[in-house]
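Colleague: I have the sequence and the model open side by side. Could you pick one part, take me through it closely, and then show me how it sits in the rest of the fold?

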Amino acid sequence: MTLSEHDDAQQQDGALIAQAHSGKRKAFDELMRRHEPRMTNLARRTMGNNADAEDTVQEAMAAAWFKLSQFDQSLPFGPWVTRIVLNKCRDQLRKRKVMRLFDFGPDNEVEQVATDSPDQQESAEAAQSLQFVKKEISNLPTRLREALVLVTFDGQSQAEAATILGTTEKAIETRIYRARNRLREKLEKFEG
């Protein structure tokens, strides 16, 4: 997205937010429709599966509607709604840990990776590696996982991630470095 397209998108968001602020639900629904793909990708990468991600995004959208009066319209909408999604993901992950602690729920379901590759052995190994990395990302400490997901998968700059997470760019850089090193070490052991 070019700078001009980014500015246009923010202006469109601003107009929708102003309408939603005055109680127009259709404007809010349009605003959510514009941001939903990015929010869903962020939640999917944070939560580790589609079902939890979709539930989390629905909760985040409801929370955004109820908290819209608290939103400072002079600020960009994207980081604000991203913070809500991350908070909902944190809540769900805490619930998941409690459920596992008391053995009330199954472990993460394993997602199947479809492939058209003729080499089934190579495809199976790639699918196992992908599943392993997904699992290890979800096992990273929250601070490392959130920084990695925001910058690497959600496409946020380090400055944007720092704003969303309430920290400095240097802290985000350090968290991403540590997350990638941990994942690299785990993958080397897995494949070795």
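Modeller: Gladly! The protein is built from eight helices and zero strands, where helices are DSSP runs of H or I with at least four residues, strands are E runs of at least two, and numbering starts at the N terminus. Read from the N terminus, the order of elements is α-α-α-α-α-α-α-α. Please keep in mind that this is a predicted model, so local features need pLDDT of at least 70 and side-chain atom pairs count only at pLDDT 80 or more, whereas totals for chains, interfaces and linings use all residues. Residues are numbered from 1 along each chain as its sequence is written, and side-chain values use heavy atoms, with hydrogens and water left out.

Let's start with H7 (residues 158-165) and H8 (residues 169-191), whose axes come within 8 Å and cross at roughly 100°. The axes are lines fitted to C-alpha atoms, for helices over the stretch in contact, and angles between N-to-C directions run from 0 to 180 degrees. H7 is therefore roughly perpendicular to H8; that label covers 65 to 115 degrees, with under 35 being roughly parallel, over 145 roughly antiparallel and the rest oblique. On the H7 side, the contact (heavy atoms within 4.5 Å) uses Gln158, Ala159, Ala161, Ala162 and Leu165, and H8 brings Glu169, Ile172, Glu173, Arg175 and Ile176. Sorted by class, these are six nonpolar, one polar and three charged residues. Here Ala, Val, Leu, Ile, Met, Phe, Trp, Tyr, Cys and Pro count as nonpolar, Asp, Glu, Lys and Arg as charged, and the others, Gly among them, as polar.

Which residues of H7 are buried? They are Ala161, Ala162, Ile164 and Leu165, with buried meaning under 20% relative accessible area, exposed over 50% and partly exposed in between (1.4 Å probe, protein chains only). These residues lie on the same side of H7, because they cover an arc of only 165° around the axis, taken from the directions from the helix axis to the C-beta atoms. Just after H7, Gly166 has a positive phi of about 70°.

Thr82 sits in helix H4 and is buried at 1% relative accessibility. Next along is Val81, also placed in helix H4 and buried with a relative accessible area of 1%. Val81 and Ala64 are 17 residues apart in sequence, with 6.8 Å between their C-alpha atoms.

Met32 and Ile172 turn up again in the largest nonpolar core, a set of 43 residues in which Met32, Phe77, Trp80 and Ile172 touch the most other members. Such a core joins buried Ala, Val, Leu, Ile, Met, Phe, Trp, Tyr and Cys residues through side-chain atoms within 4.5 Å. At least two core residues come from each of H1 (3-21), H2 (25-47), H3 (50-67), H4 (77-101), H6 (142-153), H7 and H8. In soluble globular proteins, nonpolar side chains tend to be buried together. Phe77 reaches Asp13, Ile17, Leu31, Met32, His35 and Phe71, residues up to four places away in sequence not being counted.

At the other end of H8's story is Phe190, a residue of helix H8 that is partly exposed, with a relative accessible area of 37%. Beyond its neighbours within four places in sequence, Phe190 is in contact with Gln128, Ser129 and Phe132. The C-alpha atoms of Phe190 and Phe132 are 8.1 Å apart, although 58 residues separate them in sequence.

Stepping back to the whole protein, 34% of its 192 residues count as buried. Of the contacts between residues at least 6 apart in sequence, 61% join residues at least 24 apart.
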